[in-house]
Amino acid sequence: MQHLLSDMLQMLNDPSTRHAAFVHLPIALALLAPIPLIASMILGDKNRAPRYAAIGAYALLAILAYVTAVSGEAASDHMGPAPGVVGALVHDHEEMAEKVWMFALGACVLVAGGLLKKKGVAATSTWLGLATGLFLALWIAAAAHKGGMLVYEYGAGTPKPMTEKDISPDPSAVSIDPRLDFFLSDVRPVLVDRCMGCHRADKARGGLDLSSMATILDGGDDGPVLTPGNAMTSVIYTSVAGIDPELQMPKRGGPLTDAQIEAIRRWIDEGAVWGE
Ligand code: HEC
């Protein structure tokens, strides 16, 4: 028992774990707070308890959201700089999360405004409070979604550090391999636009289907077309680079640009990483 307790305290020493522990309460509060608020709008002055509950919830949320944003900053500092898509997600997530406490404070003040003597002002304030509260619930859900993606898809802040070696060879795995980014941005579009018109599952000219790594490795009627790591022995490259007098690809629409040919060379020489 003591062991368990000290283990748990130990875990809270880790900034990423601390952030994960803090983060769920504000989300729950943001989603639940509109309930007493709506109840108070229905009950009016007869029963003020729900309104006090809503005011309290938004005040607490403002404080918690502030603490959570600070703990998130510590977690991302702890994580160190992250490459590419993960870095961008961290940035978006932080930007969104930083604003939560302000919206919560705004909702708190507006809902409290519903207690004012002037009926018209009080009603307007309450409606604005409700709008802010609902907007806040959507906002926090979006920010949390980005945070969740960081943790569950990219493993950010989880005990296992993210390194190149961790990237599994499974070609469909989401990874932070820069070669995958390169494939997706510079190579895949060329294959799709210029090759797959004639080389796909339902229309495999020359017996070649270029729509997945598995079918590429199956090769065409004349055998293998790709040697990962060596463009010069890969027909996919030699046929587009004008090196192969027998076979010039693409068959239609003119040759690829120099940049496209170079992209295919680099992709193959760097190991022909494939992904969706
Ligand atoms: C307009 C249709 C068309 C397009 C577009 C096209 N090909 Fe082809 N491809 C063919 C045909 C037809 C063959 C069969 C050989 C021949 O007739 O020359 C072939 C054969 C091949 C082969 C040899 C397969 C084998 O083993 O015989 C490779 C490699 C190849 N194409 C790569 C590509 C690449 C890479 C692209 C895109 C840059 C591309 N092709 C675009 C029609 C096309």
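1. Donors are N, O and S atoms within 2.8 Å of the metal (3.2 Å for Na, K and Ca), and water is not among the atoms, so sites may look incomplete. Six donors count as octahedral if opposite donors are over 155 degrees apart and all others between 65 and 115.

2. This is a predicted model, in which local features need pLDDT of at least 70, side-chain atom pairs count only at pLDDT 80 or more, and totals for chains, interfaces and linings use all residues. Residues are numbered from 1 along each chain as its sequence is written, and side-chain values use heavy atoms, with hydrogens and water left out.

3. The six donor atoms around the iron atom of the ligand subtend angles of 85 to 178°, which makes the arrangement octahedral. His199 (NE2) and Met249 (SD) coordinate this iron atom at 2.0 to 2.3 Å. Because His199 lies in strand β1 (residues 199-200) and Met249 in the loop between α9 (235-238) and α10 (258-269), the pair ties together parts that are 50 residues apart in sequence. Strands (E, at least two residues) and helices (H or I, at least four) are DSSP runs, numbered from the N terminus.

4. His199 is buried, at a relative accessible area of 10%; buried means under 20% (1.4 Å probe, protein chains only).

5. Ile216, in helix α8 (residues 213-218), is buried with a relative accessible area of 1%. Beyond its neighbours within four places in sequence, its contacts (heavy atoms within 4.5 Å) include Val225, Ile236 and Trp274. Ile216 and Ile236 are 20 residues apart in sequence and 9.2 Å apart in space, C-alpha to C-alpha.

Notes
Buried means under 20% relative accessible area, exposed over 50%, partly exposed in between (1.4 Å probe, protein chains only). Four donors count as tetrahedral if all angles lie between 85 and 135 degrees; four count as square planar and six as octahedral if opposite donors are over 155 degrees apart and all others between 65 and 115; anything else is irregular.
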